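Follow this walk through one protein model, from its aromatic pairs to a pocket and a loop.

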Amino acid sequence: MKTLKLLIVGAGPAGISLASEARMAGIKANNILMIDKAETHSWVIRSLYPDKKIVTANYKGLPAVCHGVMSLKDSSKGETISYLDEAIQKTGVTVNYCEEVLKIEPVGTRKKPLFLVQTTKNTYQTKIVVIAIGIFGRPNKPGYPLPRKLKGSIFFDITSFQSKNEDILVVGGGDSASEFAQYLIEMGHHITLSYRRNEFARMNSFNKNALQELEANKRIEILLESDISEVKVSDNEKPLVCFKNAAEREFSKVVYALGGTTPTNFLKSIGIAFENGTPRLKESGETTIKGLFVAGDLLAGKKGGSIIHAFNTSKTTIAQICNFYL
């Protein structure tokens, strides 16, 4: 079995920038492998971003300064994907799509790490592993069950349907909820936004101000402290939303924007130590297992990441890998 120098799990902005930084650092393309369970790279951008959404360089007020090989300015969804396409091609690194990692087993020593990575298609041996899978592999779902009969009326993104002039409920209180609502309003829908808390504490100022302006112009109905207890099938076979403190209401569609969850069980199964619900990490993204790193959203943690954050931390991660291991 050939021993790779670097195996990257995840072919999103973090994984792609890691490959780019590794190549710039002098690691040969045939010593690097990228694996992704999706059928193409950048699944989150392709599937969860609406076509008209601008991929912004600035995120939550952080300066949009790039320090590594890759850089990003405010771009359309298509421009961003094309840029990432080109970056992969320039690296010359092989990307295995439709392949999911099942197990990562450390078999080396602390001074000379070595891993066996078992996937749905193969087993690989590699000196270093970087997990760059992000947190949006599976969207969060509500605690109450959703009727199967409403499968065509309940969504977790806004790219799965095309329609106009519908009465849609968006559920959530973060940036995704605001952006989903804004986009659907532009498409001509009547939007109600439901959030269980009394204020949008997790939302950036741009999205919060946009909602306030839409509400002032009566283009959106915002229901704060509107906790949902159940969603049933109405007599019209549409979502009938039951609120704990308000009357139940029927909607054409319900779109949940509840965010994603860190793949905690997967990381713990490898043996990574956790502290206060998050992996214990060095600044470079190295976990408590020598030679095993995380990148992108996993490294950003609860404060939230961005594409530029992924680009910049990839440079730090590869520098650490080269200085200590390769």
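Start at Tyr325, which is partly exposed in this predicted model. Its relative accessible area is 21%. The cut-off for buried is under 20%, so a residue at 21% does not count as buried.

Now turn to the aromatic pairs. The structure holds 5 of them. In one, the ring centres of Phe155 and Phe161 are 4.6 Å apart. Their planes meet at 40 degrees, so this pair is tilted. Phe155 is buried, with a relative accessible area of 11%. Phe161 counts as buried too, at 11% relative accessibility.

Tyr325 pairs with Phe293. Here the centres are 6.4 Å apart and the planes stand at 80 degrees, so the pair is edge-to-face. Phe293 belongs to strand S19 (residues 292-294), while Tyr325 lies in the segment after helix H8 (307-324). The pair therefore ties together parts that are 32 residues apart in sequence. Phe293 is buried, at 0% relative accessibility.

Two further ring features deserve a look. Tyr144, Phe156 and Tyr256 form one aromatic cluster. Lys268 lies over the face of Phe274, 5.1 Å from the ring centre.

Next comes the second largest pocket. Its volume is about 350 Å³. The lining has 17 residues, and Val171, Gly172, Tyr195, Arg196 and Leu258 lie nearest the centre. By type, the lining divides into 7 nonpolar, 5 polar and 5 charged residues.

Finish at Asp51. This residue sits in the loop between helix H2 (43-48) and strand S3 (54-55). Asp51 is exposed, with a relative accessible area of 61%. Gly78 is 27 residues away in sequence from Asp51, and the C-alpha to C-alpha distance is 7.5 Å.

Notes
Residues numbered from 1 in each chain as written. Predicted model: local features only at pLDDT ≥ 70, side-chain atom pairs only at ≥ 80, totals over all residues. Heavy atoms only, no water. Helix = DSSP H or I, 4+ residues; strand = E, 2+ residues; numbered from the N terminus. Buried < 20%, exposed > 50% of the residue type's maximum accessible area, 1.4 Å probe, protein only. 1 Å grid on protein atoms, 1.4 Å probe; cavity = no way out; pocket = protein on both sides within 12 Å on 5 of 7 lines; lining within 4 Å. Points joined across faces, edges and corners; volume = space filled by probe spheres on them. Nonpolar A, V, L, I, M, F, W, Y, C, P; charged D, E, K, R; others polar. Phe/Tyr/Trp six-rings, centres within 6.5 Å; stacked < 30°, edge-to-face > 60°. Lys NZ or Arg CZ within 6 Å of the ring centre and 35° of its normal.
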